[in-house]
Amino acid sequence: MMAQYLALKAEAQDCLLFYRMGDFFELFFDDAKVAAACLDIALTARGEHDGEKVAMCGVPAHAAESYLARLIKAGHRVAIADQIEMPEEAKKRAGSKALVGRAIVRVVTAGTLTEEALLDSRAANWCVAIGEAAGGIALAAADISTGLFEVIETDRQSLSAEIARLAPAEIVAAEDSDAAVLATTLRPRGEFDSASGEARLKKLHGVATLDGFGQFSRAGLAAAGGLVAYLDHTARGSLPFLRPPVCSRTDACMAIDAATRESLELTQSVQGARAGSLLGAVDRTVSGAGARLLAQDIAAPLMNRESVEARLDCVQRLHDDPGLRDATRATLRALPDIGRALGRLAAGRGSPRDLGQLRDGLDGAWQLGERLEGIADCPPLLADLAPRLRGHGALIDLLRRALVPDPPVDTDKGGYIAEGFDAALDDLRRTGAGGRRAIAALEAKYRDETGINALKVRHNAVLGYHIEVPSRHGDKLMQPDSGFTHRQTLAGVVRFNSPELHETALKVTQAGVHALAAEAAHLEGLTATALDSREAIAATADALARIDVAAALAERAAEGGWTRPALVDHACFEVSGGRHPVVEAALAKSGERFVANDCILSENSRLWLVTGPNMGGKSTFLRQNALIAVLAQAGSYVPAAQATLGLVDRLFSRVGASDNLARGRSTFMVEMVETAAILAQATPRSFVILDEVGRGTSTYDGLAIAWAVVEAIHEDNRCRCLFATHYHELTRLAERCDALSLHHVRAREWKGDLVLLHEVADGPADRSYGLAVARLAGMAPATVNRAKAVLARLEAGREKTGGLAAGLDDLPLFAAMTEPEAEEGDALRDALEALDVDSLSPREALDKLYALKALANK
């Protein structure tokens, strides 16, 4: 047995090996130590190997899913080694002492899960492969729980942003590729060959050409081929359901880098939870599929205005008709997740309940499609979705006739095929039921004949049906003429059999076995029939999800008084009464009101410099406008009284930062890296929010950097930008930068207390109110008074010297500073670089050495 285990473990490599032994999955050696610590289960030892005790632990096979979930969550990969033959087959093959054959039937990883218990129903589970070929780079992403398959043509600059958008559970790359540093799993380079990838895709989808799916680059084919090869490896030759690949490009969506996503908390908060994020504040979906699609929409706002308008039309129709919206949401709420049920069936891990979910889900979708096709003024997107909800009548009818109303998950006991579907199966069931009645009659008969009222007919897996009496009555049935055959004696009971019971039990057992076999055959046939329509069922699941998202956004808009954004082609950003959806929701819970603010960015006022005290609302104001842009291009109403927006191609946020100690970066270094990326990538169609740039270093350095960044954004990037700062000296730039305007968040001191008004007004702030904020935060009065005295001395010095920004008025604009600072020459270095050492004779070398020494002494 140990030789078999070690061979399987060598095949499993870095995976923990679940080795099936009877009703348990066992782990040995280091695997056992790791699993015992992770799962908090007992670690034991058995036998010896190479002179040492073999560490081991085990988990029950019937509860393996819950243990797998904990191991996968902890970052482990698990190989499942199961029995591939019955003990009888092993004995027939190699004698009575033959070891049952085992093989790795599946590798369970974070990106290849399909089990309902292991997945978050409201989040997609992406497995991503990175492909490189012909100097290009691409991503292939699949969620095998639903069959979604996407190939994304990107570039190295946008690669990290795309990975951040997908937030994959697993990233696969070739062992020697440049992208290996990003991967969680490395595979052989040969699996990422573009020609092999093209062949794999053609074979997978049974086509002679991929032209019908889109135009794939060599890098895209390499990524797709690598992903399919990896999924085939983990599924051990039984590929999961993958729909035809959808080819997309990075520029089809608003570009949002990882730092911006984290700063704006788009789909998860800084704590890693859905609650507290934009998604958490917006999500009113009633289905898991709808929640997953909404998360994708928010993570990837569209750049195609027509597509955004189509989504908004759908939201508006449901927003303006509360009755239709409520009826639609009620129907959707009752439907099962047919997309993931289909995924489990396609992966070979389905159950009768999954077929029941298809039946109920498709039936509900049909009814919803009937209702939507009959509404007036149906928007184009909704009119396109409604027909996809229908067309499964034959399958629905088959599953309705074949399955019981509530099919079980477990198939071992049968009972999931409905009565009347198969006459032969019904006969077997009647035979079994009649036999059980006959056994009950035998029990009554034996009690009367023996006079033993405690006599019972029982059943177990070893003896089958047998007669059981208390020990004190055992001698009576032991008599040769009793008609009973002794089978087993235990502490309190004695067990017997009889020819009549044996014959009746044999009929019951055979009928039961044949009935289970018949049901299993029907299950296989029904699954195959359902999978013949997999593409159409998946399209129905997609349509249900899109309708759920539209209805949910309409519900959220009606709930919060949101408005439909007007999209225009020129770069503008005109928002009246804008609000931060997450902060507003948090304030509403405590009964407080959010103060709405306007933000009007145009060609003549595209850069706002916002000053004011800490806690005054500058960061909230910056973030809320960035979130409004995201919501609008995702196809949602926005939290504002009115909004007219030009499409944003790239969104950047530099609001707050923390140390990245793992990469050796301080807070200031992180800030500078992110700011440098903004200046390098922002275009006139971008939207940028910057908060307190330059605060992590000395006052003079910080002001100098902030001054230069403002000028660069104004003169070079020319994008829409909100720039919050405490450097009041920057307000001087308004006199020199035509498109820069000054604004501040209002605050007042009243009887020594600071009153924060959270209103954005025109003009610069009159002061920073730093001491008032310190007092509000609870700083000791003595410390505040001391700070006040120091401040008075500093302000007096500033007045005397002309202030911190003295002399900046005469500094030319950034655009005029095109000449780089000349570097001081180094004659010795230049002379050394000019030497051709290999051509020098010994005499020439000596002369040159003296000449260099003389040059160094100058």
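Q: What makes β11 and β12 the edges of the open sheet of six strands?
A: In this predicted model, the sheet runs in the order β11-β10-β7-β8-β9-β12 with mixed pairing. β11 (185-187) and β12 (246-249) each have a single partner strand, so one side of each is left without a neighbour in the sheet. From one strand to the next the twist averages 25°.

Q: How do you know that β8 and β9 pair, and in which sense?
A: Two strands pair if there are at least two bridges between them, and strand β8 (residues 136-143) and strand β9 (residues 148-154) have seven bridges, in the antiparallel sense; therefore they count as paired. One of the bridge partners in β9 is Glu-153, which faces Ala-138 in this pairing. Helix α5 (residues 156-166) packs on the sheet, where α5 touches β7 (127-133), β8, β9 and β10 (170-174), and the direction of α5 makes about 10° with that of β8.

Q: Why is Thr-611 called buried?
A: The relative accessible area of Thr-611 is 1%, and buried means under 20%, so the term applies to this residue. Thr-611 is found in strand β21 (residues 607-611), and among the residues that Thr-611 touches are Lys-618, Thr-725, His-743 and Pro-764.

Q: Which residues have the most contacts inside the largest nonpolar core?
A: They are Leu-358, Phe-573, Phe-687 and Leu-722, in a core of 100 residues. Helix α20 (residues 534-560) supplies the largest share of this core, 13 residues. A second, separate core has 24 residues, including Leu-609 and Phe-652.

Q: How do you know that Cys-38 is in no disulfide?
A: A disulfide needs two cysteine sulfur atoms within 2.5 Å, whereas the nearest cysteine sulfur to Cys-38, that of Cys-57, is 10 Å away; therefore Cys-38 is in no disulfide. The structure holds zero disulfides.

Q: Why is Cys-253 called buried, while Cys-38 is called partly exposed?
A: Buried means under 20%, so Cys-253, at 17% relative accessibility, counts as buried.

Methods
Residues are numbered from 1 along each chain as its sequence is written. This is a predicted model: local features need pLDDT of at least 70, side-chain atom pairs count only at pLDDT 80 or more; totals for chains, interfaces and linings use all residues. Side-chain values use heavy atoms; hydrogens and water are left out. Helices (H or I, at least four residues) and strands (E, at least two) are DSSP runs, numbered from the N terminus. Axes are lines fitted to C-alpha atoms, for helices over the stretch in contact, and angles run from 0 to 180 degrees between N-to-C directions. Contact means heavy atoms within 4.5 Å. Buried means under 20% relative accessible area, exposed over 50%, partly exposed in between (1.4 Å probe, protein chains only). A nonpolar core is a set of buried Ala, Val, Leu, Ile, Met, Phe, Trp, Tyr and Cys residues joined through side-chain atoms within 4.5 Å. Lists of a residue's contacts leave out its neighbours within four places in sequence.
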